[in-house]
Amino acid sequence: MYAGVTTLFRARAIRLGAPRFSATASRRPTAHRAQSSLHSSSSTASSTSTSASTSSPAAAADKKRDAEVRGSSNRVKPTISHTNLARNTEIRFAFRDNTPETREAVNEMLGTAYIPPVCRYPTAEATNLSLQRARRMARIRVGEEMLVTKEGKVVRRRDAADIFGMLKRMTQPRGKKPAMHAMRIVLPKAWDLDVSSSKSVDYVEARTGLAARLRMTGDNDNSTALVLRGQGPALAKAADELIAVCKDVQIFQLGEITSFDYAAQRLWPVIENAEDGGSVLPSDQLDNIWIHKEQQYWLDSAYEKILRPDVWSKESFDMYIKSLVYGRLKPGVTAQIYRVGIRTTGIRVRMIMQAFEDPSARRHITTPVLKMALQFMSTHGGHRAQAESLLKQAEKWGVPLDTDAFNILLGSYVAKHDVRYFYQVLVKMRERCFYPNTRTWLHFLQLLQRDDVRLQVEAAMFDLGFFQDPSTRRGVSVIRAGTLAHQAFRAGERLPVFLDKQMARFGPGWLTEQSTNDVLREFFLFHPTAATSKHYLDHRLLLERLAESGSAMSGSTLSLVLEHCAQPHVCDWDTALWALDRIPAAPPSAVGGSASTGPIYLHLVNLCLRTRGAASLGVVVLYAVVERSLTSRAARTALTHAIFGRAENDNDDSDGGGFWKTRRPRLLSRAMAAALKKTPVDSKALVVRAVEAAVRDATAGYLPADKLVDVLRAALALDRQHETAAAAAAKNPTAQEETSAVDEPAITISMVDVEGDGRRAPIDVCLDSVFEPRRMLIYNQQQAAAPWLEKKKKEEKSGGDASGGSSKQRDGKQEEEGEAAGGSGGQKAEEAKEGGETQSEKRHPLVQYVNSLH
């Protein structure tokens, strides 16, 4: 089959090798905001016209003089600013600019092999979602090109053929060429040879004169020792010639270099005293059972208090790095130890780098510990550059490296779809004589988004012998699960039939988290709702088979299901509750420990807003605050709009979001509302933070006794009851007045003690209060006149009786409104007569700022 595919693409290859240039190459600095052309063809055209005009020397001289005058008069030399504000402004402009040139560059980027194609689906909403996803990825790529483009330089966009050709040239076919070996050589102390830094050396055979490239690395244990890495026959000949020249040279054969995936090493650690890196068990341990042990554990103190040894050893260095990588602060402890909003990942990365850069610890650095640190740093945003720097320094220190160390960096760039840095890492691999393995090719296959180009890569992998390993075929099928599912569903194939075929071809190991998410995403695009497709409930069969295989539903899969349920054209509470019911209850110690809970609560908030579920929204917010998972900025913004009655109903825009103006979400209990009235919020931007603080203070040490899905069912019943009553009241105006006079039933959530010894009795939190901006926001209260306006009012009063009468009327009206709002207008007036400032004046933000200056 693959031979036929290879022949097909050789006969009708896709033209990917033509040099392409960045569409944002000639972009000018953002400080000028000059709308110049984003295509390199403009510079080509100008150069062509210039060369054509040089036929006349006089005309050329005049044109040069005019260009100099025009450049000196109109062009402003850009000034480079290194401030954070200028840098942030430049980054923001690169990703938000919506000029015609940017839109043209996005359209050009849509045709590359790294952007998923726009597919057609049975519904217009699904097709629009596919288009939005493709354009969002293309816009990110264009923004990155705008950031790296310099003045007067053209950045070449690396096409798929560039990386594809490099991988084919670097990869050694299996069975045709000898594998890579390593050899340790101890030189005499009298020899003056610099082996401190890693470098490539050329070995020329004395008899034949043939040259072979070897890689030389220093050794930590001996300053005169070095490690040579290269092909087995070349190393053997080099060893023979070294022994012939000097009898004092000591040579140790380290054997063939093998490579394993880091993820597999972390999940299934290598067994000690086992051959072939743990693949073959020792004869005396065949009856033992090897069980995976979870590495992560919780911390109660700051990361800086982790004990750092005074004297490093191999065991102490390993334990210290593991403590930083696998240790995590308990939920709620971070805000107590560090300030609000700090990201502790940066602290851990800084401490890891300080440990590795300690000169006394370098001789104790091992390859597994280095890979563990690289994996942690590369998978967290903003620290991939430090991971690459650590890998570069480790090579200088003489730490043995392999292809998997570079594959860790490649995997991080694939996750971000960063083609430019992916290519740069491959160039470094080529310079250091590291050959790509199966994992490298799978990373490149995952980076590609076009099915036709992926088939070319698969054909090359088949020619190189990678498909002899069943795990390679399974890995390819996992990457292409979405494409295969799209082809099957478009041909009318049902989901159970597709799953049976995939299981028969690749075995149960094919059903992984990534393949499940890709298949579900395509299935929901073809079968969005039960009303549009009779096969909509087939998606439950996929999740049930995943549970039968022993894998629980992951957070990313649950987030994908809830994201589909929260779409404006779906709004499916039944599927959302069914998916939430499949998640096992987490222990109290793990509350807030999962990073995927933030997107889950974001989709639940959107679902509540789009289905007009006021009671459900209160339940979701309370659970999110207790679990400290209300971290998404989009969720907080949507919640703020709902509190102030500005949330728009995506199902029906005819009322302009009037539902949330008449029925505010009940997020607080009476005790929480009283606390907010006692200490009002200073600004609208801090409303969600104030609600979080009130909920946490009232429920400190408690957690909900029931699962979220059970409480949501009760809240949905209240929402539907209110919706039915509102629909009946809309038909009968008399019943509408009676219904508005009766208080709506509130949801009650039981809370149990989890921090104490269990002596505290359970409490019930009744969400029966709303956030009242008039009484819980300072600047929304009826304010008295500011002190600096008294003089102006006196001048207006002395100007005439008419103006004075009108001002008295305004003051009287303002005083009446203040009494109606707070009921304390008389008391404030008496305090003003006594000569002191009123409480409302003290609460005014401008008054607080003026008082802070004294």
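1. Buried means under 20% relative accessible area, exposed means over 50%, and partly exposed lies in between (1.4 Å probe, protein chains only). Helices (H or I, at least four residues) and strands (E, at least two) are DSSP runs, numbered from the N terminus.

2. A word on the source: this is a predicted model, in which local features need pLDDT of at least 70 and side-chain atom pairs count only at pLDDT 80 or more, while totals for chains, interfaces and linings use all residues. Residues are numbered from 1 along each chain as its sequence is written, and side-chain values use heavy atoms, with hydrogens and water left out.

3. Now look at both ends of H28. At its start, a side-chain oxygen of Ser632 comes to within 3.4 Å of the backbone nitrogen of Ala634. Just after H28, Gly645 has a positive phi of about 75°.

4. Most residues other than glycine have a negative phi. His417 sits in the loop between helix H15 (403-415) and H16. It is partly exposed, with a relative accessible area of 24%. Cys571 sits in the loop between helix H24 (555-565) and helix H25 (573-581).

5. Is Asp358 buried or exposed? Asp358 is buried, at 19% relative accessible area. Its place is the loop between helix H12 (344-356) and helix H13 (367-378). Leaving out residues up to four places away in sequence, Asp358 touches Arg308 and Trp312. With Arg308 there is a side-chain to side-chain polar contact of 3.3 Å. A polar contact is a pair of N or O atoms within 3.5 Å; within protein, one must be able to donate a hydrogen and the other to accept it, and residues adjacent in sequence count only if both atoms are side-chain atoms.

6. Helix H7 covers residues 160-170. Of its 11 residues, 8 are buried, so H7 is largely enclosed by the rest of the structure. Among them are Ile163, Phe164, Leu167 and Met170. The buried residues of H7 pack against helix H16 (419-431), helix H17 (438-447) and helix H18 (451-463).

7. Next, a helix pair. Helix H14 (residues 384-397) packs on H15 at an angle of about 165°, with the axes 11 Å apart. That makes H14 roughly antiparallel to H15. Axes are lines fitted to C-alpha atoms, for helices over the stretch in contact, and angles run from 0 to 180 degrees between N-to-C directions. Under 35 degrees counts as roughly parallel, over 145 as roughly antiparallel, 65 to 115 as roughly perpendicular, and the rest as oblique.

8. Which residues meet in this pair? From H14 come Arg384, Ala387, Glu388 and Leu391; from H15 come Ala405, Phe406, Leu409, Ser412 and Tyr413. They divide into 6 nonpolar, 1 polar and 2 charged. Ala, Val, Leu, Ile, Met, Phe, Trp, Tyr, Cys and Pro count as nonpolar, Asp, Glu, Lys and Arg as charged, and the others, Gly among them, as polar.

9. Finally, the whole chain. It has 39 helices and 10 strands. Buried residues make up 42% of its 854 residues.

Definitions and conventions
Contact means heavy atoms within 4.5 Å.
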